[in-house]
Amino acid sequence: MKKLFQLVFGDARNVAAVAASVGLAWLVSLWSPAATGWSLAAMLIIAATWQAL
């Protein structure tokens, strides 16, 4: 759980990445509610990969 909080609230880049992921998932939910979960998971994986670089 500590790693999750560090990923979300570690620094401004983390907060921006998570906010963008949640925002994009929300936009997807307007278009296709069934796709929200996998789109959020995909965006968080992309954000974590971006932060690891």
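Visitor: What makes the span of helix H3 close to the one expected?

Guide: The model is a predicted one. Helix H3 covers residues 36-52, which is 17 residues, and reaches 24 Å from its first C-alpha to its last. The expected span is 1.5 Å times one less than the number of residues, and for H3 that comes to 24 Å.

Visitor: Which residues of H3 are buried, and how do you know on which side they lie?

Guide: Ser39, Ala47 and Gln51 are the buried residues of H3. They cover an arc of only 105° around the axis, and therefore lie on the same side of H3. Trp38, Ile45 and Ala52, on the other side of H3, are exposed.

Visitor: Why is Ser39 called buried?

Guide: The cut-off for buried is under 20% relative accessible area. Ser39 has a relative accessible area of 5%, so Ser39 is buried. This residue lies in helix H3. When neighbours within four places in sequence are left aside, Ser39 is in contact with Ala25 and Val28.

Visitor: How do you know whether Ser21 counts as buried or exposed?

Guide: The relative accessibility of Ser21 is 3%, and the limit for buried is under 20%. Ser21 therefore counts as buried. Ser21 lies in helix H2, residues 12-31.

Visitor: With which residues is Ser21 in contact, once neighbours within four places in sequence are left aside?

Guide: They are Leu40, Met43, Leu44 and Ala47. Of these, Ala47 is one of the buried residues of H3.

Visitor: What is the pattern of the protein along the sequence?

Guide: The pattern reads α-α-α, with three helices and zero strands. Of the 53 residues, 19% count as buried.

Visitor: Where is confidence lowest, and where is it highest?

Guide: Confidence is lowest in helix H1, residues 2-9, at a mean of 69, and highest in H2, at 85. For the protein, the mean pLDDT is 82, and 87% of the residues reach 70 or more. Where pLDDT is low, the predicted coordinates should not be read in detail.

How values were computed:
Residues numbered from 1 in each chain as written. Predicted model: local features only at pLDDT ≥ 70, side-chain atom pairs only at ≥ 80, totals over all residues. Heavy atoms only, no water. Helix = DSSP H or I, 4+ residues; strand = E, 2+ residues; numbered from the N terminus. Buried < 20%, exposed > 50% of the residue type's maximum accessible area, 1.4 Å probe, protein only. Arc of directions from axis to C-beta. Contact = heavy atoms within 4.5 Å. pLDDT = per-residue confidence, 0-100.
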